Amino acid sequence: MQRYKTTLLAAMTSVLTLAAGGAAAEQTALVLYETKGADQSDRQEGIAFVELDTNEPDYGQILAQIPLPPEFHSHHIFYNPARDKAYVTSLATHELRVFDVSKFPYRWNSVEVADCEVGEDVSFSEAQSKWYLTCMGSSVVIVGDAETDEVLETVAMPAPWPHGIATNDAIDRQLVTSTANPSDPNEWGEEIVVLQHSNGEILSTHKTSNAPSPSGAGPVEAFFVPGVEPPLAYITNMEGSLWLAEWQTETEEFTFREEFRFDEVGQGMTLEVYFNAEGDRAYVTSAMPGHLNAFDITNPRAPEHLWATEAAGGAHHLVFSHDGSRAYVQNSLLNIEGMNDGSISVIDLETGEKIDSIDTFKDAGLTINTIALTPEAEDFHSH
């Protein structure tokens, strides 16, 4: 395990070349890792650079690392729209770590977010030049200046436990999910909060369940489908469902409806949605028992379920290969037993088959909390 405490490993040269704008590797990803399992007596965590190009001799290996304090409990990485800064959220400390990723090695500043308990997601408004941090433990959204990273205000949410947040500047709206009580994992929310982010006004709340309240639907994330007009968002529920939020131009409001039930095909803990570059496919992860689902979204308002492939326990975030033919799925959700496999599943998106498993972290007694391509990659996903 000592080698995982090193800041830079043997393949640093390739990372430096890549960071300087070279093409030494087809795909390099950043992952947030931590010690796997309940025994945290020798806890480690950090950011690792991992090679995903199968043609490289160090495929699947760690190229370099940036250690993080073991008490930080890093959770997600979000790039700003310019992709020159990376924001790393913390589940345990009152800070947001902001990395300058415009040059290597990455250096960081700590932004104090005193009102934030359990920092989750960050979203950006280019129109307002602001960032927004959801805080699931304190049920607030922290608003910051995207240039200076100064905290500007704290917005209390009308529904508890905010987690996912999606911003659409074209219609001046944000969607914020009410997910789960971090102090009681059996207590789940059921609502989406709609905000007008230019003035911080909370406009409405909407239930994402057809069951009686409290339904415990647990909406996790909201994602605007790229290029669709009028705007359309996909919402994932932990209960195992996909909901749609459709913008109504005449009334300037969203309507919400259920579209697909993952629990009916044996899946639970529906988490993330990713869209391919062509805009005709959506890929949805579910953590229990761990699957990647493919949808044909040629008609985005009527997504068609194509296939489901087993990844591993905790299937969560993913990145695409450069040519879009493969997905690399990171398998861990909050280091929860049974959903913290720690591997990266490689899935062929043409056949829907799992073709490999990168077990570098799993074999080292670690698990992975997120995966993201390095900032210079041609990839609009930051979550």
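A disulfide is a pair of cysteine sulfur atoms within 2.5 Å. By this rule, 1 disulfide is counted. The structure is a predicted model, in which local features need pLDDT of at least 70 and side-chain atom pairs count only at pLDDT 80 or more, while totals for chains, interfaces and linings use all residues. Residues are numbered from 1 along each chain as its sequence is written, and side-chain values use heavy atoms, with hydrogens and water left out.

The pLDDT is the predictor's confidence in each residue, from 0 to 100. Its mean over the protein is 93, and 92% of the residues reach 70 or more. Over residues 1-25 the pLDDT is below 50, and this stretch has 48 contacts in the model beyond near neighbours in sequence. Contact means heavy atoms within 4.5 Å.

The disulfide is formed by Cys 116 and Cys 135, with the sulfur atoms 2.1 Å apart. The link of Cys 116 and Cys 135 is left-handed, with -110° about the S-S bond. It ties together distant parts of the chain, 19 residues apart: Cys 116 is in the loop between strand S7 (107-112) and strand S8 (119-125), and Cys 135 is in strand S9 (residues 130-135). Helices (H or I, at least four residues) and strands (E, at least two) are DSSP runs, numbered from the N terminus. Cys 116 is buried at 3% relative accessibility, and Cys 135 is buried at 0%. Here buried means under 20% relative accessible area, exposed over 50%, and partly exposed in between (1.4 Å probe, protein chains only).

Strand pairing was examined next. Two strands pair if DSSP finds at least two bridges between them. Strands of a sheet pair through backbone hydrogen bonds, either parallel or antiparallel.

The bridge partner of Ala 29 in S30 is Leu 373. In S30, 8 of its 8 residues are buried.

Another open sheet of 4 strands has the order S12-S13-S16-S17, again with antiparallel pairing. Strand S12 (162-168) and strand S17 (201-207) are at the edges; each has a single partner strand, so one side of each is left without a neighbour in the sheet. In this sheet, neighbouring strands are turned by 20° against each other on average, direction ignored. S13 and strand S16 (residues 191-196) pair over 4 bridges.

Gln 174 lies in strand S13 (residues 173-178), and its bridge partner in S16 is Leu 195. Gln 174 is buried, with a relative accessible area of 2%. Its side chain makes a polar contact of 3.0 Å with the side chain of Thr 167. A polar contact is a pair of N or O atoms within 3.5 Å; within protein, one must be able to donate a hydrogen and the other to accept it, and residues adjacent in sequence count only if both atoms are side-chain atoms. Not counting residues up to four places away in sequence, Gln 174 touches several residues, among them Tyr 132, Ile 165, Val 193 and His 197.

Most residues other than glycine have a negative phi, and most peptide bonds are trans. A cis peptide bond joins Phe 104 and Pro 105, with omega about 5°, and another joins Ser 213 and Pro 214, with omega about -5°. Pro 105 lies in the loop between strand S6 (95-100) and S7, whereas Pro 214 is in the loop between S17 and strand S18 (219-224). Ser 129 has a positive phi of about 50°; this residue is in the loop between S8 and S9 and is partly exposed at 27% relative accessibility. Met 269 has a positive phi of about 60°, is found in strand S22 (residues 268-275) and is buried at 13%.

Methods:
Axes are lines fitted to C-alpha atoms, for helices over the stretch in contact, and angles run from 0 to 180 degrees between N-to-C directions.
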